Amino acid sequence: MAWYALLSALVLLAPPTRAQNAPEGTQAESPYFFVQGAQPGVEALPLKSTDVRVDISGVIADVVVTQRYKNEGTVPIEAKYLFPGSTRATVNGLQVRIADRLITAQIREKQQARIEYDQARKEGKTAALLEQHRPNVFQMNVANILPGDDVLVELRYNELLVPQDGNYQFVYPTVVGPRYAGTASNAPSETTSGSTPAHAQAFPAQPVLRQGEVSPSAFNLKVNLASPIGIQDIRSPSHAIDTAMDAGTASKRASVQLAAAASRVANNRDFILDYRLAGSAIQSGVLLHRGEKENFFLAMVQPPQAVPQAAITPRDYVFVVDISGSMHGFPLDTAKSLMRQLLGNLRASDTFNVLLFSGSNRMLAPHSVPATPANVNAAIRTIEQMGGGGSTELLPALRRVYAEPKAPELARTVVVVTDGYVTVESEAFALVRQHLGQANVFAFGIGSSVNRHLMEGLARAGMGEPFIVTRPDEAKAQAERFRKLIESPVLTSVKARFEGIDVYDVEPQQLPDVLAERPVIVFGKWREHAGTTPPNLIVEGRAAHGPYTQTLPIDVAADGPGTGALRLLWARHRIAALSDEEALTGGEAQKAAITKLGLDYSLLTQYTSFIAVDKVVRNPGGRGATANQPSPLPEGVSNLAVGEASALGAAVSSTPEPETWAAMLVVLAVLGAQAARRQRRQPFTA
């Protein structure tokens, strides 16, 4: 009876929230641990290598990623691989090479591409399908790889490098952290219309290697840098690199590659490359491109330097800190280091509160408290005691923050600290945008392979700024940067106008405040100049010292090499703006517009995919096995981010929340006491 009571109690106390909380029909979308040898005779690890070549010219990076698949098994396979990309990536090309045959992919509407791929797979033709699940998460499917086949899949993208405080940074993500779907799939939508975009929740099953297991596929990367201004101070905070530069003190060309010993252990964290230009210069100016049908421009305008203000309005800060299972260990240690710095930088006139969240959430105080040394130290002590465990319920945590009242004379800032391993990005963006009048939002991404799409999107929706902290020793610098941004915005009420040139389709349509010392970026289209007024771009705003105006002349005769990417970068920014609007309004309100842009500019989007099909039938009947290529867990992330699921993709149970453990201990104590009393009433028998 005691054991029956114990089991009953544990069942009643078990938390209803599981690690994925997926409905019955979507359990296969859970992350799961990869098991070698689950399918005898099948090549389970078909991805042999990933080679990345990056050519940076000025502020535009051209990236070519070559994935090599080989079937070393005895049956034909379909290889599936989920991999990350840059949040700024403009994916615009795909090619497949089989022996001496080269197949160039075509852009199609997403459902049409899937139909064509499935048909080719069933017919026994080798085919490749590239789909977007998030702006920074893609999936490659390659069908009918025969035993002995060596297949090269090459995808190409461009991105814009935007400097900050004179520092240029190129990031190549190498691994997708396991995503938690949360209860949002069953919860009401956060969008105005009450409906969720169809693509918002879809996330494929994701096999991962266990903590500490090294990926069997090789990873190689090489970066070629070319700048009209001397390059200096090249370094990588993430990887060991070998650097070669032109002779001289003002080298304008450099090459960087992974150190020889790094290629086998380099693909479990973002590759980060930082560099500066001579004199900390920023390549301000207007780039032009003349196209066959349309002309495009990119304006990059350096704002004034930040000037500390003498009088700063008191603020109320709410820190939303993730203590879920994926944060266990290294990420949470990094977050604790960051929180010590952030709380330590508060002024006595500020108020603050801390919300800790995993499967549940709790505030450290019923309401915000003054940032006195005693209150700050008490908060730090509590955070230091936290361990990572449980699921990642971000949306309930944000809802609770917005439900908290604040004094009308105080401005509120919400600071989210998380690794971002969730799939509810669209819902979170919409929730933040809906409450923009209550608070602005800053997002700190913690870990070696952060979900940058979530961090950048939260900050964009909340008119804040994203921060990435990959190691504890970066916490102090990032906390100091946050303090400076809050105290003194660089430029507010920003407007851009053009004289002497006809521009249209300008992105963004409304310029945000400039919080950091990073350029004002404007994309658009232009028509040939006709008139006597010299063409100029004029940027106006309000800086710390008063009104600000900067004028940049535009040379319409200048159409430099390498500017063809401007048409793709413009289209990507327009698609991003439409996606943000869709996340706010819900449903698929912008599907037609996004699809048209994807098809017109041959770009991968949430509604368009790349499809490549070989004409040769190589596997009649299309029979074979599926190999889901596993990814390593991101550096510093423990097995608690996934749980002990089977290799079949079943839903993963979460680590019980602390209150659940406490309740279990109470039950055990009660039952133990009852058993002891019975033992005392009965004589001891041998």
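Phe-467 and Phe-482 are both buried in this predicted model. For Phe-482 the relative accessibility is 5%, so the residue falls in the buried class, which is set at under 20%. The rings of Phe-467 and Phe-482 have their centres 6.0 Å apart and their planes at 75 degrees, and the pair is therefore edge-to-face, the class for planes over 60 degrees apart. Phe-467 belongs to strand 26 (residues 466–469) and Phe-482 to helix 8, so that this contact ties together parts 15 residues apart in sequence.

Phe-482 also takes part in a pair with Phe-442. Here the distance is 5.1 Å centre to centre, with 85 degrees between the planes, and the arrangement is edge-to-face. Because Phe-442 is located in strand 25 (residues 440–446) and Phe-482 in helix 8 (residues 475–487), the pair ties together parts that are 40 residues apart in sequence. Phe-442 has a relative accessibility of 1% and therefore counts as buried.

Both pairs fall within one aromatic cluster, which is formed by Tyr-317, Phe-319, Phe-442, Phe-444, Phe-467 and Phe-482. In total, 15 aromatic pairs are found in the structure.

Aromatic rings are also approached by charged side chains. Lys-525 is placed over the face of Trp-570, at a distance of 4.1 Å from the ring centre. Arg-527 has its charged end over the ring of Tyr-504, and the distance to the centre of that ring is 4.0 Å.

A further set of contacts concerns strand 4. This strand spans residues 77–84 and is mostly covered, with seven of its eight residues buried. Strand 4 pairs with strand 9 (residues 137–145) in the antiparallel sense, through seven bridges. Within this pairing, Lys-80 has Asn-141 of strand 9 as its bridge partner. Strand 4 is also paired with strand 33 (residues 625–629), in this case in the parallel sense and over five bridges.

Key
Residues are numbered from 1 along each chain as its sequence is written. This is a predicted model: local features need pLDDT of at least 70, side-chain atom pairs count only at pLDDT 80 or more; totals for chains, interfaces and linings use all residues. Side-chain values use heavy atoms; hydrogens and water are left out. Rings of Phe, Tyr and Trp (its six-membered ring) pair if their centres lie within 6.5 Å; planes under 30 degrees apart count as stacked, over 60 as edge-to-face and the rest as tilted. Helices (H or I, at least four residues) and strands (E, at least two) are DSSP runs, numbered from the N terminus. Buried means under 20% relative accessible area, exposed over 50%, partly exposed in between (1.4 Å probe, protein chains only). A charge sits over a ring if NZ of Lys or CZ of Arg is within 6 Å of the ring centre and within 35 degrees of the ring normal. Two strands pair if DSSP finds at least two bridges between them.
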